[in-house]
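Hi,

Here is the structure I promised to pass on to you. Have a look at it first, and then read on for what turned up in it.

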Amino acid sequence: MKIIELGHIVLYVTNINKMVDFYKNILGFRLIAARDGMAAFSSPRTHHELFLIEVGGKPAVSKQIKPGLYHIGLKIGNTKTELKNAIKELRKANVKITGMSDHLVTNSIYILDPDGNEIELYVDVNDSWKTDPSLVFQPPKQL
């Protein structure tokens, strides 16, 4: 078997309406269907990339390190200008930026969705990892 691409992410969420608003209106995912406490988002790349299922409860509040999902990485472009524009949009929408890192091959900003799931929004700043894959293990620097 060989994995050829990451197909989709499914999240259990506390409030479907709040999460649809966030992923559609803040992050710009294209909503393709929503019903019965579920929502599917996609791009022209595949049938669905993000699927949300409402289960109720309360948002996660602990960032204690434990096994499980750490964050979702979403590529938003290839230039620092695109990242700067995203920062402006997030601030305008009152989304708190929890961190910013220079990973040498990417520049990243980190945010939390309404349920506390961490999201990395990044731009590729060079493709040196193609000839030296070890570069993805370089310690991040403050952006």
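In this predicted model, four strands form an open sheet in the order S1-S4-S3-S2, and their pairing is mixed. Strand S1 (9-13) and strand S2 (30-35) are the edge strands, each pairing on one side only. On average, neighbouring strands of the sheet are turned by 20 degrees against each other, direction ignored.

Next, the pockets. The largest one has a volume of about 660 Å³. Its lining is made up of 27 residues, and Phe29, Glu49, Gly73, Leu74 and Lys75 are those that lie nearest the centre. By class, 13 residues of this lining are nonpolar, seven are polar and seven are charged. Helix H1 (16-26), strand S3 (38-43), S4, strand S5 (71-77) and helix H2 (80-92) each contribute at least two residues to the lining.

The largest nonpolar core has 25 residues, and Tyr23, Phe41, Leu52, Ile109 and Ile111 have the most contacts inside it. At least two core residues come from each of S1, H1, S3, S4, S5, H2, strand S7 (106-112) and strand S8 (118-124). Which element supplies the largest share of this core? That is H1, with five residues. As general background, nonpolar side chains tend to be buried together in soluble globular proteins.

Enjoy exploring!

Best wishes

Note on methods
Residues numbered from 1 in each chain as written. Predicted model: local features only at pLDDT ≥ 70, side-chain atom pairs only at ≥ 80, totals over all residues. Heavy atoms only, no water. Pairing = 2+ DSSP bridges. Axes fitted to C-alpha atoms, helices over the stretch in contact; angles between N-to-C directions. 1 Å grid on protein atoms, 1.4 Å probe; cavity = no way out; pocket = protein on both sides within 12 Å on 5 of 7 lines; lining within 4 Å. Points joined across faces, edges and corners; volume = space filled by probe spheres on them. Nonpolar A, V, L, I, M, F, W, Y, C, P; charged D, E, K, R; others polar. Core = buried A, V, L, I, M, F, W, Y, C linked by side-chain atoms within 4.5 Å. Buried < 20%, exposed > 50% of the residue type's maximum accessible area, 1.4 Å probe, protein only.
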